[in-house]
Amino acid sequence: MPRAVVVNRNDCISCQLCADVLPAVFRMDEDGLAEVHDSRGASEKEIQGIIDACPVACIQWADA
């Protein structure tokens, strides 16, 4: 079973990096904040790359 990923909306700065790089997993909501719409949309390695690249570290694994 794939791991779930979450976005801490309180820390998101709307940079859109996650949505631009992995649109199958992330999108911007009506408030302009990142959200997860499909944790299965990319490999764990690809998602980990976004977690590591997020400038404010607001993306993490749900079980972390």
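The lining of the largest cavity divides into 13 nonpolar residues, two polar residues and no charged residue. The model is a predicted one. A search of the whole structure finds one cavity of 30 Å³ or more. The space inside the largest cavity comes to about 80 Å³. Its lining consists of 15 residues. Nearest the centre of this cavity lie Cys 12, Cys 15, Cys 18, Cys 54 and Cys 58. Rolling a probe the size of a water molecule over the atoms shows where such empty space is left.

The C-alpha trace spans about 30 × 20 × 15 Å along its principal axes. A compact globule of 64 residues would have a radius of gyration near 11 Å, and the chain has 10 Å, so the two agree. Of the 64 residues, 31% are buried. The accessible surface comes to about 4,000 Å². Carbon and sulfur atoms account for 48% of that surface. Among contacts with a separation of 6 or more, 52% join residues 24 or more positions apart.

Pro 55 sits in the loop between α2 (44-53) and β4 (59-61). Is this proline buried or exposed? Pro 55 counts as exposed because its relative accessibility is 53%, and the cut-off for exposed is over 50%. Leaving aside residues up to four places away in sequence, Pro 55 touches Ile 13, Cys 15 and Leu 17. One of these partners, Cys 15, is also among the residues nearest the centre of the largest cavity. Pro 55 and Arg 3 are 52 residues apart along the chain. Their C-alpha atoms are separated by 22 Å.

Backbone angles come next. Most residues other than glycine have a negative phi. Ala 57 has a positive phi, near 50°. This alanine lies in the loop between α2 and β4, where Pro 55 is also placed. Ala 57 is exposed, because its relative accessible area is 56%. Gln 16 likewise has a positive phi, near 70°. The glutamine belongs to the loop between β1 (5-7) and α1 (17-21). How exposed is Gln 16? With a relative accessibility of 37%, Gln 16 counts as partly exposed, because that class runs between the 20% limit for buried and the 50% limit for exposed.

Methods
Residues are numbered from 1 along each chain as its sequence is written. This is a predicted model: local features need pLDDT of at least 70, side-chain atom pairs count only at pLDDT 80 or more; totals for chains, interfaces and linings use all residues. Side-chain values use heavy atoms; hydrogens and water are left out. On a 1 Å grid over the protein atoms alone, a cavity is a set of points where a 1.4 Å probe fits but cannot get out, and a pocket is an open set with protein on both sides within 12 Å along at least five of seven lines; lining residues have an atom within 4 Å of a point. Grid points are joined across faces, edges and corners, and a volume is the space filled by probe spheres set on the points. Ala, Val, Leu, Ile, Met, Phe, Trp, Tyr, Cys and Pro count as nonpolar, Asp, Glu, Lys and Arg as charged, and the others, Gly among them, as polar. Helices (H or I, at least four residues) and strands (E, at least two) are DSSP runs, numbered from the N terminus. Buried means under 20% relative accessible area, exposed over 50%, partly exposed in between (1.4 Å probe, protein chains only). Contact means heavy atoms within 4.5 Å. The radius of gyration is taken over C-alpha atoms; the globule rule is 2.2 Å times the number of residues to the power 0.38. Accessible areas come from the Shrake-Rupley method with a 1.4 Å probe; for residues, only the protein chains shown count as cover.
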